[in-house]
Structures are given as C-alpha cells and as structure tokens.
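Reader: I have the model open. Can you take me through it? I will ask as I go.
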There are 2 protein chains.
Amino acid sequence: MFDSVIIGGGPAAMSAALNLKIRNKNFIILAGNEKVTGLSKAPSIENYLGIKNISGKDLLSTFEEHLDNMGIEKKNEMAYNILSMGDYFAVNAGNNFYDARTLIIATGKAKNNLIEGEEKYLGMGVGYCATCDGPLYRNKAVAIVSENEEGEEEARFLSEICSKVYYLPLYKSNFQEFNNVSVVKGKPKSVIGNGSKITSLSTSEGNIDVDAVFFIRNVLPVNQLLEGLELDDGSIKVNRTMATSISGVYACGDCAGKPFQISKAVGEGSIAALSAVKYIDSNMEVKL
Amino acid sequence: MFDSVIIGGGPAAMSAALNLKIRNKNFIILAGNEKVTGLSKAPSIENYLGIKNISGKDLLSTFEEHLDNMGIEKKNEMAYNILSMGDYFAVNAGNNFYDARTLIIATGKAKNNLIEGEEKYLGMGVGYCATCDGPLYRNKAVAIVSENEEGEEEARFLSEICSKVYYLPLYKSNFQEFNNVSVVKGKPKSVIGNGSKITSLSTSEGNIDVDAVFFIRNVLPVNQLLEGLELDDGSIKVNRTMATSISGVYACGDCAGKPFQISKAVGEGSIAALSAVKYIDSNMEVKL
C-alpha cells in the first residue's frame, strides 16, 4: 500500500514527488508516455523564477536532474483506470495494479477530443488499454485509434488474438501492414452501436465493422480515469488545497485548469502533495 | 498611471513582476523593507523544483539576478495606504503617490499581532507612517512602536516637530536616547483613548500619555492597507484566479494563505499577474 500514486510525469507531478519525498512518504510516479509534452518543444521560457531564459527541453532536464538527485524515479507506466475501494484506491496500469491511500492527478492539459459515441460505449466496446481488455475480443474485429507509437505495440499484440485489426494512426506513422493488420488512413468520426455494444467505427473514409475500438491517447480523458471526479469546464474541479470532489484525491497542473504555466503547475504540485500528506497523517479529509 | 503596482518584494512579487514584464505592462514594485524575510534565514531549501539544495539567501539572490537580467527594478518604498478611486487605485508610499489600474498584493505572511485598541483608533491617533501623519502632532507627545530600524529614522524626524517622542523597539536595538527622545523598554499592551482620540499607550512598564502611536511594522496588517479587502482566517481571500473581493486587486503568496511555500508563492505570482493582464486588457472583471 503506497501513501500516494502520482499520475503524470510533468512539472506538477515532479514538484508533488519532491514534496512527498521530503515528507518521507512512499509513493510511485506513473509518468506514462513521456515523449508527449508541449513543454519539451518550447524554444525559450523566461518566466520560471530563478532559472533564466532556458529551452523547455533543458528546463525539463533540470527538473529531472533535481529528482535524480533526490533519488526519485518515474515509472513509464500509464494509469488506465482507477477504482475507489473505500479508504484506498486501486490504480490499474496495464498489467500492474497499485494500491494507494491518496492520488495526485497531474495528467496535463485535458483534451476534449472524444469522438461521438466514445463515452456512451465505454466498457461496451470502447477501451483505453488493449493489453487489459483485448482478450475479451478473441477472434473478433477491432480498431485501434492511436495518438502515438504505443498503439503499434498494441496492434501487434491484438493481431495475435483478434481476427482482424484496423490501425488508425493520428500521428505521422510509418507503421507497415502485416498479417491481419490493416492501416486505415481515414480520421475517426464516431463510434456506432446498437445501444448495448459497438457495431462499427465511422471514419472519414467510410465505416468499418468492429466489435471494439481502443483509443491510445497521450492524455486520457480524466473523467474516464476515475469515476465521480467532478469537472469544471473540462478541467478537474479543485479548491485552493487542490482537493478534488473525491476525498483523498488531489489534482494539480494543467489538468486542474488555466493558466497553463510551469510555475503554476510546480506551485500546485507542492500544494497537492502537502494536502495529501495532511490527509495521510490525519486520515481525515482536508477541510474544503 | 501604471498598469499595476506590486506591493511586496518576495518570491510572489518577483514572479508577478516577471510575468507583467513579459506581457509588456508598465508597473512598479514597492518592496518596502526587504531585510525582513524568513526565507533569507532558511539554511537549505530542497523543494523548489529545478534548483537543488540551496540556502534561502542564495535562492533569493538567484531570483534577484533573474529580475536584474530582465531589467526589473524594485523600489524600497513601503505602501502605507491605498485608496480606491473608482476605476483605479492611489497608492500612498510615504511621500509618493502612485496611480494604477490594478494592484498585486504580495506582502507576505499576515501577522495578527495588532494590540488592543490599535484597530479602533486607526486614524484617531494610530498610524503606520510617521512621515505621512507626523505633522498632525506638532508639539505633542507621540510614541513609536517599531519592529525594525526604520523606526529610528522616524523617531529622529518626529523629534524635530513633536514635544516628546517615546521609542519602543520590538527588535534588538542599540538606539540611543537624545534630546526629547526616550527609549521605553516595556512591551506595548494596548492603545487607550476616550472614544474619539488616543490618550495613552499602555505598556508592560506602565502607561505613557501620548496623542499618537505609530506602529512601524515589517508587514502591514493587510486590512489596514486597503479598505474592504475581505479576509479569510487572517489571510486575503482569493479565488483560483487570485482575484480578491475588490475588482482589479489580486493577491498572491503567503498573504493569500497556506501552505507557506516558495513554489506556491511563485506559481500564484504568475497567476495573479496573468489575471491582472487579462483585467487590464479587457477592462473587465476576471470571472469569479
């Protein structure tokens, strides 16, 4: 049982980790696919107090170095789903489950790019982790809509158990068709079903008959991660202690709303960690 | 007319300044008496992401250097009182007045050490700026209660116009009595008056008959600074955009509440600045 699981690997997550470490809490960081961050592409950052004119890439390296120096490691695992178990949480990260008394969500800018039918058919054919749910679709046709190269690994895996795999890359991909895997150039438009399960995926190049659609996203829609998490204009609703609508769950950084600034993310990460520490130590909800 | 006046000189104020500068706003920083900060005495700070294990003094120097590098200067003037003028604010800093469309308050940890009667007799003998109000007490007896050496300068000034000056240092002072100035060793206990004006100052060593008491504080009680500013448990009440109860006024850092952390102060400073920028650019209140 961990004191805390930090979900995300950016500045807010790193700042939270730093503070948990200093407060002697045991935690893990599920950083997911780290390649994907707008910050790493920023040519110059001038407004992070104390570090003059630096590229986003170098600032991230500086942050990583600070964590290394404190003996903090990130796991490149992605949290797909979290279950509330009463007084703790079970975090599903592909093949692994992690139990924790608190959660610190720092998943970055919320993307509101769900396609039509995606939310409706979640669990009825729509999934976010092929490794987890693929076996349910043995000998059936499935589609993978992927924002990054991780989807290619999932396609290889599914090709071994499903009758047909359609791969729709949303990034510049050189993925080659093989065996029962077809690459579809069209953009996904909607998930179509009969009310209780998926029947097909509609794309800009026509419909594909499938029993499941897996979306491999850089950032998971936060409300899919944990049921009951209240949102506010697409961001996770938090108060000034970074507490969310669920006891023991804190959010920080871009997923907790604007402005999308490093110093805000870092500041909120430390607040979230200190609020979690208070919660862990008192086993009571931080006063709203 | 400035776009903004920043009141305070610590990390929150510096971060706000950095962001206003980048957004091309014209502003001044009234940093007051900068010697006084708990941060400068911290032996080691490990949780400001990106800057490993540094003393508080060196971290402050690093911050100052960043500001220098951006061509930002602080004024060592202290804001004593702010008047709301409808769509702008007039900030009284001793002999100078500064007009600004927005205010960013970053005065540090609120001290709730007002003595009995202090608030009641504000403007009826109690004051926070001897230079400003001293002339009202020509040929009268006054007391100065001072948390720092600035009070000594005020005592010298008042000794020239008042009949008697009692000096009560609340710090380790080597101040010497001279002419009509007496140093009182007792601690101030309460301000006593007749309902409309002060008659004496009660101290642990007895009462002193005076017509005025000037309190020279490291940090001014925030609610004395600007009338109508709502507090919450002694801190300035803010929402997530760092907006206070008064349109165009933002607060950040320790004066806006716990936790008292550098990264929180820096993050809030940038949020406050960006909210002020939005307000200035739209001339409308930031949505609460």
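Reader: Where is B:Asn139 found?
Author: B:Asn139 is in the loop between helix H3 (130-133) and strand E7 (141-146) of chain B. Helices (H or I, at least four residues) and strands (E, at least two) are DSSP runs, numbered from the N terminus. Before we go on: this is a predicted model, in which local features need pLDDT of at least 70, side-chain atom pairs count only at pLDDT 80 or more, and totals for chains, interfaces and linings use all residues. Residues are numbered from 1 along each chain as its sequence is written, and chains are lettered from A and ligands numbered from 1 in the order in which they are written.

Reader: OK. What is phi of B:Asn139 near?
Author: It is near 60°, a positive value in a residue other than glycine.

Reader: And is B:Asn139 buried or exposed?
Author: B:Asn139 counts as exposed, because it has 9 C-beta neighbours inside 10 Å. The cut-offs: buried if 20 or more other C-beta atoms lie within 10 Å of the residue's own, exposed if 12 or fewer, partly exposed in between, with C-beta atoms placed from the backbone.

Reader: Which residue of chain A has a positive phi of about 70°?
Author: A:Met242, which is not a glycine either. A:Met242 sits in the loop between strand E15 (235-236) and E16 of chain A. With 29 C-beta neighbours inside 10 Å, A:Met242 counts as buried.

Reader: Which peptide bond in chain A is cis?
Author: The one from A:Lys258 to A:Pro259, with omega near -5°. A:Pro259 lies in the loop between strand E16 (249-251) and H6 of chain A. In chain B, a cis peptide bond joins B:Lys258 and B:Pro259, with omega about -5°. B:Pro259 is in the loop between strand E16 (249-251) and helix H6 (262-282) of chain B.

Reader: Stepping back, how many helices and strands in chain A?
Author: Six helices and 16 strands. Of its 288 residues, 47% count as buried. The C-alpha trace spans about 50 × 45 × 35 Å along its principal axes.

Reader: What domains is chain A divided into?
Author: Domain 1 (2-111 + 220-282) and domain 2 (126-216), with bounds from an automatic or database domain assignment. Their C-alpha centres lie 29 Å apart. The contact between them takes eight residues from domain 1 of chain A and six residues from domain 2 of chain A; contact means that C-beta atoms, placed from the backbone, lie within 7 Å.

Reader: Sheets next. In what order do the five strands of the open sheet in chain A run?
Author: E6-E13-E7-E8-E9, with parallel pairing. Strand E6 (126-127) and strand E9 (181-183) of chain A stand at the edges with a single partner strand each, so one side of each is left without a neighbour in the sheet. Two strands pair if DSSP finds at least two bridges between them.

Reader: How many bridges between E7 and E13 of chain A?
Author: Five, between strand E7 (residues 141-146) and strand E13 (residues 212-216) of chain A, in the parallel sense. A:Val142 has A:Ala212 in E13(A) as its bridge partner.

Reader: Now the dimer contact. How many residues does it take from chain A and from chain B?
Author: 29 residues from chain A and 29 residues from chain B. On the chain A side, H1, helix H2 (56-69) and helix H6 (262-282) each supply at least two residues. H6(A) gives the most, with eight residues.

Reader: Which residues of chain B does A:Ile22 touch?
Author: B:Glu46 and B:Asn47, not counting residues up to four places away in sequence. A:Ile22 is in helix H1 (residues 11-22) of chain A and counts as partly exposed, with 15 C-beta neighbours inside 10 Å.

Definitions and conventions
Contact = placed C-beta atoms within 7 Å.
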